[in-house]
Amino acid sequence: MKYELTGKPDYALAEITLEAGETITAETGAMVAMSANMQIETKAKGGLLGGLKRMVTGESFFTNNFHPDGDAGTIKLAPQAPGDIDVLKLNGESYLMQAGAYLAHVGDVEIDSKFGGFKSFFSGEGFFLIKVSGNGTVFFNSYGGLKKVSINGSYIVDTTHIVAFNEGISYNVEAVGGLKATFLSGEGLVCRYTGEGDLWIQTRSGPQFAGWINPFRPVKKSNN
Amino acid sequence: MKIEIQNRPAYAIADVHLEMNESVISEGGAMVSMTSDVTVSTSAMSPGGGAGGLLKGLKRMLTGESFFLNKFTSSTGGHVSFAPTLIGDVEHIALDGTKNLIVQSSSYMACSEGLEMDTQFGGMKSLFSGESLFWIKFSGSGDLILNSFGGIFYKDVDGSFIVDTGHIVAFEDTLEYKVKKVGGLKATLLSGEGLVTEFSGKGRLYMQTHNASAFGRLLGPKLPPREH
């Protein structure tokens, strides 16, 4: 497998070349273009139960597997939202990733839906995390720019700006400031990280944009 | 305070590096991340603060701007990162006390604590424009961080110059302005240009390449209706 990331950082595209016998697994809808010898197979990842679990985290029920028939083949993948793409090379490590950040993987990579913490239920921000582990290459994406932060000690991030982080860093979802700040500040929930490791954040927030566009939606007509 | 802007121009983010016990003020919701020594307090006070704070806060509420501003204070020297909601750039403007800057309310992102901040009505005519109705006037010396929808650019106006109201980011208060219709009645109704602002005098004018209300009106009708 060879890859090239083009269109960075605002409209990134992953251009991947697979040798015969190699397979890439991608989030549904991620395929932009591919060579004519690529075969597609749609699967409920991890069986029916795994598929249902994936739906809870806001991912799609299915994933697509692509492999070239005969010779080598190419495929171009892009995320739904405009933004950047980066790559994690796994050699036995694990990362936690916001559910929407997963784009694709090649190799022996396990994807597990992991609950982001009880408090996240109240955030309304869909702070669900998935765990990626094993040996292989994982492609992940951001909404907006991607910024890597090396944590050594502690660091605080708005939950809607989190993309991915080393599993080894401990984290706690909490409100920002005191009670007054929580209700009036307009800042939602934050994640307080403690430990050592890498964290990727995105420079724009999906839920914040959804909140901005809301007043422009038409109002439902009442039948009464 | 040191300001570092990354990911320009499409998805810009501003890292504000604070000295020990230094503060930065921001609009609600702009904080992306921060070092753990930073504490947040929320108040109705304008950055200039003082006894007039609450009244100014009320004035901000009346003009539609969020009533509350957040103050981030670093206890040991750390940083806070701020980003706007929409796609676009972030610009740092240092004010030295010789010129005041009038900022379209949604273009304001953050500023240093020392700046005086006061809201101003945009004038009756702007009530009909459907654009942001009010302006925030910044005076004194300090750092100001603005955001734009799309790219940001400026023109040093000398004479007179016309801008679509939705494309104004900020301007020096040495400029006079009035909101007016473009062309005649036919042009106003059919040109799609709506109301414009005519500036006159001498001073710097900052503009954005896109109009946020126009984007909202483009996308909104394609979304499912809301309950109320």
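Let's start with chain B: among its contacts between residues at least 6 apart in sequence, 79% join residues at least 24 apart. Here, two residues are in contact if their C-beta atoms, placed from the backbone, lie within 7 Å. Keep in mind that this is a predicted model, where local features need pLDDT of at least 70, side-chain atom pairs count only at pLDDT 80 or more, and totals for chains, interfaces and linings use all residues. Residues are numbered from 1 along each chain as its sequence is written, while chains are lettered from A and ligands numbered from 1 in the order in which they are written.

Chain B has three helices and 17 strands; these are DSSP runs, numbered from the N terminus, with helices being H or I over at least four residues and strands being E over at least two. Of the 228 residues of chain B, 43% are buried.

Now look at where the chains meet. On chain A, 33 residues are in contact with 33 residues of chain B. The elements of chain A giving two or more residues to this side are β11 (146-158), α2 (179-184), β14 (189-202) and α3 (206-213). The largest share, six residues, comes from β11(A). β11(A) also pairs with β4 (residues 31-35) of chain B, in the antiparallel sense and over three bridges; to count as a pair, two strands need at least two bridges found by DSSP. In β4(B), T35(B) is the residue opposite Y155(A).

Next, head for the inside. In general, nonpolar side chains in soluble globular proteins tend to be buried together. A nonpolar core is a set of buried Ala, Val, Leu, Ile, Met, Phe, Trp, Tyr and Cys residues joined through C-beta atoms within 7 Å. The largest one here has 93 residues, and L77(A), M97(A), L103(A) and F82(B) touch the most other members. β14(A) gives the most to this core, with seven residues.

Why does F139(A) count as buried? Because 25 other C-beta atoms lie within 10 Å of F139(A). F139(A) and L77(A) are 62 residues apart along the chain, yet their C-alpha atoms are separated by 9.5 Å.

Technical notes: Buried ≥ 20, exposed ≤ 12 C-beta atoms within 10 Å, placed from the backbone.
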